[in-house]
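Please walk me through this structure, starting with its disulfides and ending with its sheet. Give the cut-offs behind the terms along the way.

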Amino acid sequence: MCLSGRTGCHGGDGLGLRRGLVKVLERGGLGTKLGKERRLERGRARERGQGTGTGLGQETRLGGDLGLGTSLAPSLHRDLGGWSFTLLVLLLLRPVFPQCPDSCHCVWESSMVLCTDAGLREFPQGLPPDTVTLHLERNYIRSLPESAFRELTHLRELYLSHNRIDTLSSGALRHLSSELRLLDLSHNQLRQASRDEFSSTRAKTRLYHNPWHCDCTLQELMETLNLEPETVNGIVCESSVRSAGEVSRWEDPGGAGEHAGQPLVKLLDSGVNFCNLQRKTTDVAMLVTMFVWFFMVIVYVVYYVRQNQAETRRHLEYLKSLPSPRKTPTETDTISTGL
């Protein structure tokens, strides 16, 4: 299809080519001026009895080839130059987007970063600072570095489910924006967490499907966080703190505890208080420790007394074994002997 809008044009159809190019220029915003100057030039050409622009100089060759006349060529050059400058300005002023991390897809219009199923083993670096929604589901991330969210001041939704996170660096979640509305840490390997690690975030939090060890620290955390009501029953105790009647405070590796397999929220609603259990366990441990120390003191005193008694006996026997001192002859003994 040629520029004139017709199909099957031949190479010698110069008139169709010129008309098509003029239409393109007119659509680009030059139509009114080019049309007027073209009509004026045609009128002048008829009066002079000249053709359509033969014998033009080098400067006006473009105008002659297009059939626009000699006086129209400088105007065309000026208009094309203005359009080139405008295009250059638009290219320079176009928005420059930050670089998207490898293995991730960035949706700049909604400030969303998609790193789902990317095979990540560490938290990605170089995330755009204006990220609003961050998807990191189904990867192999094991921990969150302390500086992970320091630059993400506009983050509102954070999805970290289906990873292998087993520890939260102290301060990792403290840098989360106050604008955060959703924090998803479900389907990970978290066993313990404290209020200090979550700081003062008020985002709706998902913590279900983690191998939680239920104790006083976890109980205090549950009472602090804004847990999602639909998923709170999925926070199940895989192990729990031992009661006061048991030997040690923590579960041994082969034991699961009496509350294993039960939802934490139901245990708390039924009156179980892990903080009281730990206090009772601590009291019993202190009593046992005091008894052991008291027993050791008694044993030491008995040993000390017996040792002193043995030393005393040996000293007395030694004194008895010493020879008694001989009596020196006195004056009375001498007189008695003389008589």
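**Disulfides and sheet**

The structure holds four disulfides, a disulfide being a pair of cysteine sulfur atoms within 2.5 Å. The model is predicted: local features need pLDDT of at least 70, side-chain atom pairs count only at pLDDT 80 or more, and totals for chains, interfaces and linings use all residues. Residues are numbered from 1 along each chain as its sequence is written, and side-chain values use heavy atoms, with hydrogens and water left out.

One of the disulfides joins Cys100 to Cys106, with an S to S distance of 2.0 Å. The torsion about the S-S bond of Cys100 and Cys106 is about 85°, so this disulfide is right-handed. Cys100 and Cys106 are both buried; buried means under 20% relative accessible area, exposed over 50%, and partly exposed in between, with a 1.4 Å probe and protein chains only.

Another disulfide is formed by Cys104 and Cys115, whose sulfur atoms are 2.0 Å apart. The link of Cys104 and Cys115 is right-handed, with 110° about the S-S bond. This pair links distant parts of the chain, 11 residues apart: Cys104 is in the loop between helix 3 (72-93) and strand 1 (105-107), and Cys115 is in the loop between strand 2 (112-114) and strand 3 (133-135). Helices (H or I, at least four residues) and strands (E, at least two) are DSSP runs, numbered from the N terminus. Cys104 and Cys115 are buried.

Cys216 and Cys275 also form a disulfide, with their sulfur atoms 2.0 Å apart. Their link has 85° about the S-S bond and is right-handed. Because Cys216 lies in helix 5 (residues 216-224) and Cys275 in helix 7 (residues 274-321), the pair ties together parts that are 59 residues apart in sequence. Cys216 counts as buried because its relative accessibility is 11%. Cys275 is buried as well, with a relative accessible area of 8%.

Seven strands form an open sheet with mixed pairing, in the order 1-2-3-5-7-8-10. Two strands pair if DSSP finds at least two bridges between them. Strand 1 and strand 10 (226-227) are the edge strands, each pairing on one side only.

How many bridges join strand 8 to strand 10? Strand 8 (residues 204-206) and strand 10 run parallel and are joined by two bridges. Thr205 has Leu227, in strand 10, as its bridge partner.
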